[in-house]
Amino acid sequence: MKIVHAASELAPWVSVGHLADAVSGLTRELARLGHEVSVFLPGYRQVLADPRAVHAEPLFKHTLDLGEGRVTAETLKLPLSANLTLYFIRRDESFDRSFPYGPPGGEYEDSDTRFLIFCKAMVDALCRFETPVDVLHCHDWPTALAPLLLRVEERKRQITAAARTFLTVHNPAFQGIYPRHTFGLTNLPDEFFAQDGLEFFGQVNYLKGGMLFSDFLLTPSPTSAHEMLDPLHGFGLDGVLATRRDDLRGLLTGVDEAEWNPFYDRNLAAGFDARVPAGKAQCRAALQKGLGLDPAARSGAVIAAHLPIIAALGLGDPRELLPVLRDDTALVLMGPAAPTDFEAWRALVGARPGRIVLLENPQEDALHRALGGADFFLGTSRVEPSPHHAQRALRYGAIPVMPRTGGPADVVVDLDEQPERANGILFAPTTEGWREGLARALALQAETVLRDRIRAQGMKLDSTWARQAPAYAQLYQELV
């Protein structure tokens with residue numbers, strides 16, 4: 001099949017979150033399976049500055065309508081490997097900037113225009129390809145308008161550029177909502193600014209447009225596909241999704257084998273996996289030393305095996321955690337978090353030196369080391385559509401302690417519910433559930449034989465893209 005993916009991130013070129021790894025891993029595996037795969041990516045400054053980009057060749061120049069004006073852009077083509085090609089949409093006025101979306105904690109004021117131009121240029125390129133593609137697969141709000149723009153342009157040109165369009169909603173909390181006047185920049189017929197179109201409480205909602213006008217919708221896990229239909233997890237778009245229920249599928253995302261393999265991971269002090277688990281203890285000792293963790297005696301000695309080290313990502317108010325956070329527990333807290341939460345955690349770190357470490361903006365290598373050395377990975381988000389945090393934690397022997405929601409519910413097997421198959425702990429996505437889950441983890445740490453068995457079962461789970469990608473290919477073939 002001829003498959004095109006469109007995304008605002010792609011590892012290792014530009015990575016802000018899980019989206020980059022998901023698109024990279026899926027497209028590489030689809031290409032390995034023999035499909036002809038392409039990826040469209042904005043030509044950000046850091047992307048075009050990559051030494052590999054010097055080999056990209058100009059393919060198309062675009063003159064695009066943007067409201068009452070016109071703008072120009074360019075498509076560059078870079079073959080990456082057999083069956084895999086990368087296309088950059090270059091427009092320096094839009095993408096030659098320090099950050100992909102905006103400075104930390106913010107968004108560029110013209111984000112509506114930047115990603116609209118990206119979508120329009122990509123659509124023009126698709127319409128100029130020599131042969132139609134079978135699948136256009138878009139990811140999240142920055143590319144969500146492309147399916148609608150494509151169908152409108154196909155009608156104008158009386159062609160078919162893509163047989164079917166897909167949109168994966170990785171995180172419905174981010175929707176691309178902009179003022180009413182943004183709709184004029186789309187050059188779409190007025191009929192599309194309506195309740196059954198892009199209109200959203202008087203504004204324009206890019207993600208809503210993608211949900212309504214893509215042929216099929218995907219989420220990163222089966223459970224999240226059901227959860228997004230309720231108000232808590234739908235972020236105001238649950239009603240829209242309900243109208244597309246029959247076209248909604250949940251397929252598990254995967255782990256990039258090249259990036260997340262503890263046996264070969266150069267970020268770790270020692271390699272390990274389910275077959276050779278001994279290196280986990282060395283990684284634990286290295287994490288303690290590197291971060292100055294010593295909740296037991298502050299003597300510099302390695303923390304005893306029965307004293308837990310917990311890695312956590314994006315915690316909220318620390319007061320919710322304090323009732324069950326013992327003095328002999330080491331906590332490695334990693335951002336992101338709200339600025340007010342950071343202030344609360346800074347105060348707590350100062351009060352508990354050597355027991356709590358705060359990494360406000362951790363780099364990728366820090367996350368690898370934290371998972372490699374931690375006994376547990378604590379998840380606290382009440383909405384977790386993707387299983388990627390749980391999958392990585394399992395792979396790195398950090399037993400997941402996570403809310404029973406979305407992706408985690410599909411990959412974590414709870415100790416109390418299925419003792420023989422257990423690989424972690426699930427709890428209700430509430431404050432009380434969070435405390436109960438952490439208390440269970442602390443109790444498990446003392447039962448070393450049971451703990452090690454659960455850890456080993458988690459590391460044996462195959463969640464790589466080599467296992468997950470065939471389901472995507474099968475779905476494409478069934479629906480095209």
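**Strands, sheets and helix contacts in the predicted model**

Strand β16 (residues 376-379) is covered on both faces, with Phe376 and Leu378 buried on one side and Phe377 and Gly379 buried on the other. Buried means under 20% relative accessible area, exposed means over 50%, and partly exposed lies in between (1.4 Å probe, protein chains only). In a regular strand the side chains alternate between the two faces of the sheet. Strands (E, at least two residues) and helices (H or I, at least four residues) are DSSP runs, numbered from the N terminus.

The model is predicted: local features need pLDDT of at least 70, side-chain atom pairs count only at pLDDT 80 or more, and totals for chains, interfaces and linings use all residues. Residues are numbered from 1 along each chain as its sequence is written, and side-chain values use heavy atoms, with hydrogens and water left out.

Strand β16 pairs with strand β13 (residues 309-313) in the parallel sense over four bridges; two strands pair if DSSP finds at least two bridges between them. Within this pairing, Leu378 of β16 is the bridge partner of Ala312. Strand β17 (residues 399-403) also runs parallel to β16 and is joined to β16 by three bridges. Here the bridge partner of Phe377 is Pro400 in β17. Together with helix α14 (residues 388-395), β16 and β17 make a right-handed β-α-β unit. A crossover is right-handed if, with the strands pointing away from the viewer, the path from the first strand over the helix to the second runs clockwise.

An open sheet is formed by nine strands in the order β3-β4-β5-β2-β1-β6-β7-β11-β12, with mixed pairing. Its edge strands, β3 (57-66) and β12 (248-250), each pair on one side only. On average, neighbouring strands are turned by 25° against each other, direction ignored. Axes are lines fitted to C-alpha atoms, for helices over the stretch in contact, and angles run from 0 to 180 degrees between N-to-C directions. Strand β11 (residues 216-219) pairs with β12 in the parallel sense over three bridges, and Leu217 stands opposite Leu248 in β12. Helix α5 (residues 146-157) packs on the sheet and touches β6 and β7 (162-168), its direction making about 160° with that of β7. Helix α1 lies across β1 (2-6), β2 (36-42), β5 (84-90) and β6 (133-139), running at about 155° to β2.

Helix α1 (residues 18-32) also meets helix α18 (residues 465-479): their axes come within 9 Å and cross at roughly 75°. The two helices are therefore roughly perpendicular to each other. Angles of 65 to 115 degrees count as roughly perpendicular, under 35 as roughly parallel, over 145 as roughly antiparallel, and the rest as oblique. Contact means heavy atoms within 4.5 Å. The contact residues include Leu26 and Leu30 of α1 and Trp465 and Tyr472 of α18. The residues of this contact divide into nine nonpolar, one polar and two charged. Ala, Val, Leu, Ile, Met, Phe, Trp, Tyr, Cys and Pro count as nonpolar, Asp, Glu, Lys and Arg as charged, and the others, Gly among them, as polar.

Helix α16 (residues 431-446) and helix α17 (residues 448-460) pack at about 110°, with their axes 5 Å apart, and are therefore roughly perpendicular. Leu444, Gln445 and Ala446 of α16 touch Thr448, Leu450, Arg451 and Ile454 of α17.
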